[in-house]
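Let's walk through a protein model together, one step at a time.

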Amino acid sequence: MIRFLVRRIAVGILTLWFIVTAVFALYFLAPHDPARTIAGRAATQADIARINQEYGFDQPVLVQYGKYLERLIPLPGHFDLGTSNTDHLPVTTIIAEAVPIDISLAAGSAVLWMLLGISVGVLAARRPRSLWDRGATVFVLAGISMPTFILGLLLLYALYYLLTIHGIAIFPKPGSWTPFTQNPLGWAHDLILPWVTLALITAATYSRLTRSSLLEILGEDYIRTARAKGLSERRVVYRHGLRSALTPIVTQFGIDLATVLGGAIITETVFGLPGLGLTVVQAIQLENLPVVIGIVLVASFFVVAANIVVDALYAVLDPRVRVS
Amino acid sequence: MSLSTVEATASQVPEEPAVKGIEGRTPLQLVVARLRTDRVAIASIVVIVLIVVLAIAAPLIAGITGHNAYNANVDNGTDANGQPFPPGTSGYLLGTDNLGRDILVRIAYGARISLVVGVLATAIATVIGVVVGLIAGYFGGWVDNILARIMDVVLSFPYVLFAIVLVSVFGSSLPLTILVIAFFSFAAIGRIVRGQALSQREKEYVEAANSLGAGNIRVMFVDILPNLIAPVIVLATLLIPTAIVFESTLSFLGLGVVPPTPSWGNMLSDAEGVGFQAWWFYIFPMLFLLMTTLAFNLLGDAVRDALDPRAERIFAARRKTKAT
């Protein structure tokens, strides 16, 4: 188990290193003046000189690369993502302000998509080829074919705009955000449309996974044994079947959760939520590169960490993984 | 059919062979025969063909209506108050946008972008995925270790974010969009091909080919590849809608196709930019985008069923119910 974990963490660090190097190569070796790019459009000659010195662009590429990696060593007082060049705030501060929104977004939508996805999947698997199953197939295909921004725009149009111009202002206007600590009800109210958008899109994958995984398991011998010893169908499906079927779902869940934590770019853009996703899109439009790099690294870290956690969980849930 | 009736028909039509022997059907013939009984598949193919026709006919539609897809047309395309025409007025079948441009013409040109991106990105991703997967699976050992690791890294990238960064560094353009999508898609195919190649290379026919003096390249591409073609075709069909959604998302975020060139994504982005001014700004691009992705997804599922030898029972049952 220890060896397994160590190997997964090593691969995770390798992935992060790969991403860091790719970002470095993109931004620091791209065929344009990096100091000018980092300083933004309205940079003076002095700004550029300062940045050239700060980042060491006058030095050889490998030295620059070493310094770049060194700034990222996660020790207290050492870790530094630079400062934003629009408002001169440290990038770590900007990220710390945006992350609570992504945590809120992920928490609510994850609950919704797990509930919806797994129940639709179970419904379909219990009665394969029934009308329920066909309905589930339509739901899955619609969810997979539907681009996130279209669902978001449709929900905004129908539930916010049309209702509001007819005097039924139930749903908040895009851009509303209340911190959970301030007012939990207002928090949920402001997030309901983004939650539903993310949940509907994501649930489709879970329904498909649950259905295929549960169908396979319900055909196993031990399920027949469970039925033969007279257990109720409910107990057979949920205790014996769904439990084993959950393994691939856990894997998918970890990665999806991490992706949303690292910024649900499209949902945040459509609903004007200032999480990591919207922040990075705005930073790109302003060519605010320190912020872009910082958020890419944080988002990649979430995904890589989730992969490791998921692999570890997988090994706990399924002992066969540990052997290979 | 009893033998006597066969003889009877044979005597009536002497030019026909007396007893029709059992004809060997090639796998392709089998798949086509199965698809022809699948109403969903036929419907998806019809939709796809219609959209292809729309894309090809785009200049023709522009010529017939005399409306241009690119230039603002406020003088002719809007009413006296500068308001856009609703669908069906003044020769604008789907109405005009806020700049007075014909939405039908823009959708037709947008179809070109979507189809070109979908097909080209998928083709590039498939070729790279097949080559990388075959090499990894066939050679095994350290080659496999490195290539499989690279594919894992690509698959665990927060790819929307990374695509955005790439586009922001190099500037958005159609070829870059296609390459970015291909880059993030090849690993999905590569991983499947690798797994299949790993098992195929242990088969006797590979040993036979080797002992006849076939080189590695010949064994990989002439002997092994045809055995993997079924999963590759299914995955490629399902990659097309993913690529189309990816392109429209990038364009929606302002990082894909550059206006005034119309794409379904940037038409929706324009529509959002002017608020919910008119429903026809949204509904038509959405409808076409959804129809296209849904059709390709349905076709992909149908092709998968048709290519699966175990699915024969389903198709047999379908034929039976149809005959009665």
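We begin with a term: two residues are in contact if their C-beta atoms, placed from the backbone, lie within 7 Å. Keep in mind too that this is a predicted model. Now take the contacts in chain A with a separation of 6 or more: residues 24 or more positions apart account for 71% of them. In chain B, residues 24 or more positions apart likewise account for 71% of the contacts with a separation of 6 or more.

What are these chains built from? Chain A has 14 helices and 0 strands, and if you follow its sequence you read α-α-α-α-α-α-α-α-α-α-α-α-α-α. Chain B also comes to 14 helices and 0 strands, and from its N terminus the elements run α-α-α-α-α-α-α-α-α-α-α-α-α-α. Burial can be given for each chain as well: 37% of the 324 residues of chain A count as buried, while for chain B the figure is 43% of 324 residues.

Next, look at where the chains touch. Chain A brings 31 residues to the contact and chain B brings 28 residues. On the side of chain A that touches chain B, the elements giving two or more residues are α1 (2-29), α6 (131-145), α7 (148-165), α11 (265-271), α12 (276-285) and α13 (289-317) of chain A. The one that gives the most to this side is α13(A), with 7 residues. Sorted by class, this side of chain A holds 23 nonpolar, 8 polar and no charged residues.

One of those helices deserves a visit of its own. Helix α6(A) has 15 residues and reaches 21 Å from its first C-alpha to its last, close to the 21 Å expected at 1.5 Å a residue. Its buried residues are A:A136, A:F139, A:V140, A:G143, A:I144 and A:S145. What do the buried residues of α6(A) pack against? They pack against α5 (91-126) and α8 (184-218) of chain A, together with α11 (216-252) and α13 (279-307) of chain B.

Two of these partners, α5(A) and α8(A), also pack on each other, at an angle of about 35 degrees and with their axes 5 Å apart. Their crossing is right-handed. The residues of this contact divide into 23 nonpolar, 8 polar and 1 charged.

Now turn to the largest nonpolar core, which has 160 residues. Which residues touch the most other members of this core? They are A:V292 and B:A163. Helix α6 (residues 103-139) of chain B gives the most to the core, with 16 residues. If you leave out residues up to four places away in sequence, B:A163 touches B:V180, B:F184 and B:L250.

For a last stop, find B:L28, which lies in helix α2 (residues 27-36) of chain B. Is B:L28 buried or exposed? B:L28 has 8 C-beta neighbours inside 10 Å, so B:L28 counts as exposed.

Definitions and conventions. Residues numbered from 1 in each chain as written. Chains lettered and ligands numbered in written order. Predicted model: local features only at pLDDT ≥ 70, side-chain atom pairs only at ≥ 80, totals over all residues. Helix = DSSP H or I, 4+ residues; strand = E, 2+ residues; numbered from the N terminus. Buried ≥ 20, exposed ≤ 12 C-beta atoms within 10 Å, placed from the backbone. Nonpolar A, V, L, I, M, F, W, Y, C, P; charged D, E, K, R; others polar. Expected span 1.5 Å × (residues − 1). Axes fitted to C-alpha atoms, helices over the stretch in contact; angles between N-to-C directions. Left-handed = near helix turned anticlockwise from the far one by under 90°. Core = buried A, V, L, I, M, F, W, Y, C linked by C-beta atoms within 7 Å.
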